[in-house]
Amino acid sequence: MEYNPEVHSIKCPKCGHGMEEVGYGGVMIDRCTSCMGLWFDTGEADALKKKWMGDALDTGKADEGKKWDTVEDIACPRCGRDMDKAADPKQTHIWYEVCGEHGMFMDAGEFTDYKHETLADRFRSLIKGSR
Ligand SMILES: [Zn+2]
Ligand SMILES: [Zn+2]
């Protein structure tokens with residue numbers, strides 16, 4: 001859907017279409033109506049990860065998200081500054097864009113991956129700890 005400030009909360013930093021607010025369990029995030037990428041204001045991704053609610057929100061296909069993985073140098077939808085590419089130190093296959101002040105952007109499917117990987121990492125550290 002074309003970005004329309006009256007309907008959409010923010011403009012998608014990746015594909016330029018409108019993002020709409022979606023809420024789950026008291027946390028509101030923004031999801032792109034076109035590429036299904038997700039915008040998390042600072043702290044929201046962690047809040048959702050803890051609540052195990054990402055599956056309901058990250059409804060885009062990971063394949064669709066991967067197409068947009070190649071779009072680099074995106075600007076923060078809140079302040080317009082270039083965002084940094086970042087990877088979770090424990091999950092280096094997942095790259096996302098971060099604005100130090102406002103939040104982070106993930107392609108469709110990445111949040112689900114992020115959450116599940118974290119659980120796998122926890123298992124690994126449990127196994128490691130028992131040796
Ligand atoms: Zn988009
Ligand atoms: Zn910003």
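Modeller: Of the 131 residues in the protein chain, 29% are buried, where buried is defined as having 20 or more other C-beta atoms within 10 Å of the residue's own (exposed is 12 or fewer, partly exposed is in between, and C-beta atoms are placed from the backbone). Please keep in mind that this is a predicted model, in which local features need pLDDT of at least 70, side-chain atom pairs count only at pLDDT 80 or more, and totals for chains, interfaces and linings use all residues. Residues are numbered from 1 along each chain as its sequence is written, while chains are lettered from A and ligands numbered from 1 in the order in which they are written.

The protein chain has 4 helices and 7 strands; these are DSSP runs numbered from the N terminus, with helices being H or I of at least four residues and strands E of at least two. Along the sequence they follow the pattern β-β-β-β-α-α-α-β-β-β-α.

Now to the sheet. It is open, has 7 strands in the order β1-β2-β3-β4-β7-β6-β5, and its pairing is antiparallel; two strands pair if DSSP finds at least two bridges between them. β1 (10-11) and β5 (84-88) stand at the edges with a single partner strand each, so one side of each has no neighbour in the sheet.

Let's visit some of the pairs. Strand β2 (residues 18-24) is joined to β3 by 6 bridges, and Gly23 sits opposite Met28 in β3.

Met104 leads us on to the core. The largest nonpolar core has 21 residues, and Met104 is among those with the most contacts inside it, as are Cys35, Leu38, Trp39, Phe40, Phe105 and Met106. Such a core is a set of buried Ala, Val, Leu, Ile, Met, Phe, Trp, Tyr and Cys residues joined through C-beta atoms within 7 Å. At least two of its residues come from each of β3 (27-32), β4 (38-41), α1 (44-51), β6 (91-99) and β7 (103-106).

Finally, look at Cys35. Leaving aside residues up to four places away in sequence, Cys35 touches Cys12, Lys14, Cys15, Glu64, Trp68 and Ala108, a contact being two C-beta atoms, placed from the backbone, within 7 Å.
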